[in-house]
Structures are given as structure tokens and as C-alpha cells.
Amino acid sequence: MFERFTKDARRAVTGAVTHAERTDAASVTEEHLLLALLDRQEGRAAFAVASLGLVDRRAAVEAELATARRHGGLTRADTDALAGLGIDVTEIVARVEEAHGEGALDRARRRGAGRRPFTRGAKSVLTRSLRIAAGRGDRFMGDEHLLLALTACPGVAADVLAAHGATYATVTRALYGGGEGEAGRFKEAG
């Protein structure tokens with residue numbers, strides 16, 4: 001699979017592993033892929049991220065990701081749905097953390113040593129990015145396809161991106177619509 005990744009896509013995946021290691025996470029998640037893309041200063045994804053203003057809102061994005069981790073990986077939609085049923089997730093988290101310590105519901109906490117596997121969700125993003133590239137007729141999978149896949153795969157990363165105006169449609173427009181010439185200058189073959 002990775003032989004079809006461009007250098008920028010490989011760097012993003014490597015950056016995700018680095019984020020997981022830095023936070024001592026048990027596995028590499030979609031969140032780590034998103035953070036790695038936000039770190040990038042070159043490539044088509046970096047162009048889209050900058051044009052959508054995500055670079056300026058990085059602190060807010062990171063705060064929303066941290067809140068989701070504290071809530072056991074629940075998306076904002078999940079939390080809102082539970083609130084509609086009269087369940088206050090913030091109150092439940094506070095009680096659990098009072099009894100078991102801060103971050104008790106964080107599913108990504110490190111458990112053991114060794115290589116960090118990719119979660120099912122992160123693997124889904126990688127697979128979807130290959131499908132997106134193939135669907136666009138691209139021979140190689142770039143970091144822009146990773147970003148598009150993050151917006152298309154349901155979960156916390158997609159919710160956080162959407163809350164900041166980065167949906168599949170807006171990322172596609174930033175990459176291909178109207179600014180094709182600008183975004184296209186970052187294209188590489190491998």
C-alpha cells in the first residue's frame with residue numbers, strides 16, 4: 001500500500017506515528033494523522049489547511065480533540081445526541097475522573113511498550129485516501145488525499161474539521177476548485 005504514497009503522504013504518516021510516540025499513546029489514531037497534517041508546511045494538504053484558516057485555529061482544534069479524548073472518543077454529535085436524552089457527558093466525565101483520575105476515559109492512553117499499531121479508524125482513513133486518489137484518477141496517494149479522507153470518515157477528526165469549516169466539499173474546493181493552478185504546483189510523483 002505505501003509504495004503508492006507520495007513523499008508528502010509518507011511524511012504525514014510518519015508524523016502521525018511521532019505524535020503518538022510523543023504523547024505515549026497506545027496506537028496511532030485519526031487524531032494523530034490530523035495533527036501531522038496540521039504540522040506540514042509543504043504539500044497540497046498544507047496548502048488546503050492554510051487556505052481554510054486551520055493553521056490559525058490550531059489551538060482550538062487541539063482543544064476540541066483533547067475534549068473528545070477526555071469524553072472517551074465521543075464525537076460532538078454523540079455528545080449532543082446523549083444531551084437530547086438528558087445525559088450530560090461532561091458531568092459523567094467529571095464524576096469518573098473524580099473517582100479514577102483525570103483522563104480515565106481516554107482510550108488512547110499507553111498500555112505497554114513496543115510498536116504502535118494503527119487503530120481501525122486510522123486504517124480506514126488510509127484505505128479511504130487510496131480510494132479517493134483512485135477515484136480522482138491519481139496514480140499516487142498524496143497528503144491531500146489523507147486530508148480528504150479525514151473529512152469523509154465519520155469520527156472525531158471529521159467532526160472537528162467540519163466545526164472549523166473543513167468539510168469534504170470545502171477541502172475539495174481549496175485543492176481543486178478555482179485554485180487548481182496554485183494547488184497543482186505542489187504535485188509530486190513519488
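Me: Why does D24 count as partly exposed rather than buried or exposed?
Reply: The relative accessibility of D24 is 40%, and buried means under 20% relative accessible area, exposed over 50% and partly exposed in between (1.4 Å probe, protein chains only), so D24 counts as partly exposed. This is a predicted model, in which local features need pLDDT of at least 70 and side-chain atom pairs count only at pLDDT 80 or more, while totals for chains, interfaces and linings use all residues. Residues are numbered from 1 along each chain as its sequence is written, and side-chain values use heavy atoms, with hydrogens and water left out.

Me: Where does D24 lie, and what is noted about its phi?
Reply: D24 lies in the loop between α1 (7-22) and α2, where helices (H or I, at least four residues) and strands (E, at least two) are DSSP runs numbered from the N terminus. The phi of D24 is near 55 degrees, which is a positive value in a residue other than glycine.

Me: How many helices and strands does the protein have?
Reply: The protein has 11 helices and 0 strands, and buried residues make up 45% of its 190 residues.

Me: Why is helix α3 described as largely enclosed by the rest of the structure?
Reply: Helix α3 (residues 44-51) has 8 residues, of which 6 are buried, so the helix is largely enclosed by the rest of the structure. Its buried residues are R44, A45, A46, F47, A48 and V49.

Me: Which elements do the buried residues of α9 pack against?
Reply: The buried residues of helix α9 (residues 156-163), namely V156, A157, A158, V160 and L161, pack against α2 (30-39), α4 (58-70) and α8.

Me: Why is M141 called buried, and which residues is it in contact with?
Reply: M141 lies in the loop between α7 (120-135) and α8 (143-152), yet its relative accessibility is 1%, so it counts as buried. Leaving aside neighbours within four places in sequence, M141 is in contact (heavy atoms within 4.5 Å) with R4, F5, T6, A9, S129, L130, A133 and L146. M141 and L130 are 11 residues apart in sequence, and their C-alpha atoms are 5.8 Å apart in space.

Me: What makes T170 buried?
Reply: T170, in helix α10 (residues 168-176), has a relative accessible area of 19%, and therefore it is classed as buried. Beyond its neighbours within four places in sequence, T170 is in contact with L52 and G165.

Me: Why is L85 called exposed?
Reply: L85, in the loop between α5 (76-84) and α6 (89-100), has a relative accessible area of 67%, and so it is exposed.

Me: Where is confidence lowest and where is it highest?
Reply: Confidence is given by pLDDT, the predictor's confidence in each residue, from 0 to 100. Confidence is lowest in helix α11 (residues 180-184), at a mean of 42, and highest in α8, at 97, while the mean for the protein is 83 and 79% of its residues reach 70 or more. Over residues 179-190 pLDDT stays under 50, and the model has 20 contacts beyond four places in sequence for them. Where pLDDT is low, the predicted coordinates should not be read in detail.
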